[in-house]
Amino acid sequence: MAEQVLALDGLEKRFGALKATDGVSLTLEDGEIHALIGPNGAGKSTLIHQIAGTLKPDAGSIRFLGRDIGHLGVAERARLGLGRTFQVSSLAPEFSALRNVMLAVQARQGSSFRFWRPVMRDAALTEPAMAALERVGLAGRARVPAAELSHGERRQLEIAIALALGSRAFLLDEPMAGMGPEGSKALTGFLDGLRAEAPILLVEHDMDAVFALADRISVLVYGRIIATGSVEAIRNDPAVREAYLGEPA
Amino acid sequence: MSRETAVSLAFLALLLALPFAAQALDEPFYITLATRMAILALAATGLNIALGLGGLVSFGHAAFFGIGGYAAGILATHAFNNEPLLLGLPGTNQMIVMWIVGAAVAGLVALAIGLISLRTSGVYFIMITLAFAQMIYYFAISWPAYGGEDGLSIYVRNAFPGVNTLKPMSFFLICYALLLAALALFWRLRDSRFGAALQAGRQNPVRLAAVGIAPFRIRLVAFVASGMVTAVAGALFADLNRFVSPSMLSWHMSGELIVLIILGGVGRLAGAVAGAMLYVLFEFVLGGMTEHWQLFLGLILLAVVLFARGGLIGLLAGRPRHG
């Protein structure tokens, strides 16, 4: 069996009477794309928040690269190599695309307490950042402020940032959302190659993309994982068809 | 040269030309006016590090301004009376020592205030910084050893090696040189890695944390540096007026510094310079016409906030470019 990069065990999160995460256990293994699907309100975003560190679970453990990260803050988890993209793009809007990526390069080098040298003349920052932009096909828009990028370009930029962080695992929260069919197709091809670099936990509503990409799929309904398995197994699982795909069993 | 650089240099040249013109016209009062502009610009440049780059709206920077002022006043008083200060150490009439002492004390106080207040944000941060500054203000009022409410006079302007500081022009040039140094610091900080993290934290702290940089420490360092620069301006202000009083510590002063930056341009290199020049000019021209000049200042501020968000620099140089 491939090495476990990320392992959730018995994760629980309650908001008042609502159990948003109800005993979730799942693993992300080296080289795979593990898709997390489920209807709206199933608790997918709540789960991502707990993995990234913006929400603290009430119970259960999160292990990343063999280490318990449950007590760590967002920034510390990111430094360990947990690269996430946001469901709604979260960028520094006044900074150009290049500077947004440069921030990630700088964070990866662990060197934010340097006070004198201008970043724009620092090839140790600009070159890796430009390379990450080239990989996602955004090099031509490097100098455009993030606020002026199109929706799809911002999603690409988020991925470039995660790449520049040298992430050991990617948490991608609906990367296809709001993209046109062309964009989705291009991104699907890109993610397909990305899994060799680091495994991807992919939350996505675009089923074409999920079925094309996923090695394994977990189905989350009312905070509970009702099934985990290969694409074939999930397609044919009667409980999943009823709960999610909207077909009677 | 970018348009902003040109505009910034123009303001600095104008400020430098003002006292020379005054001297040529034999109007020494205007040298004092220009000195006041330079000192307020220095104080506001300090605040601009926290407020402009970091988005930390400190409503308590008068604390640092006043600490600088009292550092100068207390050291000078001890030197004048020939009384030892602390642990047998003497006072001094050397400006450089005062700047260092003022900046060091302000830095420690900023560290303490920052450690607590930077755990909050938005309006809570504004209120906590205000509360700390008011505590120091009331402490100064109720501390009789250094004049309490009446303040403290500096009988002779303090000294700077090789310069006759009693000449208004010489004192102006000292203030101007320090202003240039602070602007250089601001400029390098802004473009550095530290500045990138600080500005990203203003634009989107969630993004900053997501790449693995915790905003807290970055902001704390910025807040301390900001307080230290403002303290040096406070020491100069005490020397200009030859007087320190609790009013330097009052919330009016904190507000004045924020107003200067909004008038000039938040986060812009020469924003504090343009703002201070405009403010002192209003104070002088409008203040000469009516006691209620601040009413007109309020109207101007309103116009800036509604129609010229980038302040004077934004109006003249357009939006900032981040490369």
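Trainee: How much area do chain B and chain A bury between them?

Mentor: In this predicted model, chain B and chain A bury about 3000 Å² between them, with 59% of it on carbon and sulfur atoms. Arg188(B), Arg193(B) and Arg207(B) supply 29% of the area that chain B buries against chain A, more than any other three residues.

Trainee: How many residues of each chain are in contact?

Mentor: On one side stand 30 residues of chain B, in contact with 36 residues of chain A. As for polar contacts, 16 residue pairs are counted between the two chains.

Trainee: Which elements of chain B give two or more residues to the side that touches chain A?

Mentor: These elements are helix H6 (168–191), helix H7 (193–203), helix H8 (205–210) and helix H9 (215–241) of chain B. H7(B) gives the most, with 8 residues. By residue class, this side of chain B divides into 16 nonpolar, 7 polar and 7 charged.

Trainee: How many salt bridges does the rule find across the interface of chain B and chain A?

Mentor: A salt bridge is read from the distance between a side-chain nitrogen of Lys or Arg and a carboxyl oxygen of Asp or Glu, the cut-off being 4 Å. The rule finds 3 across this interface. Among them, Glu158(A) meets Arg207(B) at 3.7 Å, N to O. Another joins Glu94(A) to Arg202(B), with the closest N and O atoms 3.2 Å apart. Here Glu94(A) lies in the loop between strand S6 (82–85) and helix H3 (97–108) of chain A, and Arg202(B) in helix H7 of chain B. Glu94(A) is partly exposed at 35% relative accessibility, and Arg202(B) is partly exposed at 27%.

Trainee: Are Arg268(B) and Glu4(B), which also meet in a salt bridge, buried or exposed?

Mentor: Arg268(B) is buried, with a relative accessible area of 4%, and Glu4(B) is buried, at 14%. Their side chains meet at 3.0 Å, N to O. Arg268(B) lies in the loop between helix H10 (251–264) and H11 of chain B, and Glu4(B) in helix H1 (residues 3–24) of chain B, so the pair ties together parts 264 residues apart in sequence.

Trainee: Why is the pair of Tyr279(B) and Trp293(B) edge-to-face?

Mentor: A pair of aromatic rings is described by the distance of the centres and the angle of the planes. For Tyr279(B) and Trp293(B), the centres are 5.7 Å apart and the planes stand at 75°, so the pair is edge-to-face. Tyr279(B) belongs to helix H11 and Trp293(B) to helix H12 of chain B; both residues are buried.

Trainee: Which residues form one aromatic cluster with Phe194(B)?

Mentor: Phe113(A) and Phe115(A) form that cluster with Phe194(B).

Key: Residues are numbered from 1 along each chain as its sequence is written. Chains are lettered from A and ligands numbered from 1 in the order in which they are written. This is a predicted model: local features need pLDDT of at least 70, side-chain atom pairs count only at pLDDT 80 or more; totals for chains, interfaces and linings use all residues. Side-chain values use heavy atoms; hydrogens and water are left out. Contact means heavy atoms within 4.5 Å. Buried area is the accessible area (1.4 Å probe) that two parts lose on being put together, summed over both. A polar contact is a pair of N or O atoms within 3.5 Å; within protein, one must be able to donate a hydrogen and the other to accept it, and residues adjacent in sequence count only if both atoms are side-chain atoms. Helices (H or I, at least four residues) and strands (E, at least two) are DSSP runs, numbered from the N terminus. Ala, Val, Leu, Ile, Met, Phe, Trp, Tyr, Cys and Pro count as nonpolar, Asp, Glu, Lys and Arg as charged, and the others, Gly among them, as polar. Rings of Phe, Tyr and Trp (its six-membered ring) pair if their centres lie within 6.5 Å; planes under 30 degrees apart count as stacked, over 60 as edge-to-face and the rest as tilted. Buried means under 20% relative accessible area, exposed over 50%, partly exposed in between (1.4 Å probe, protein chains only).
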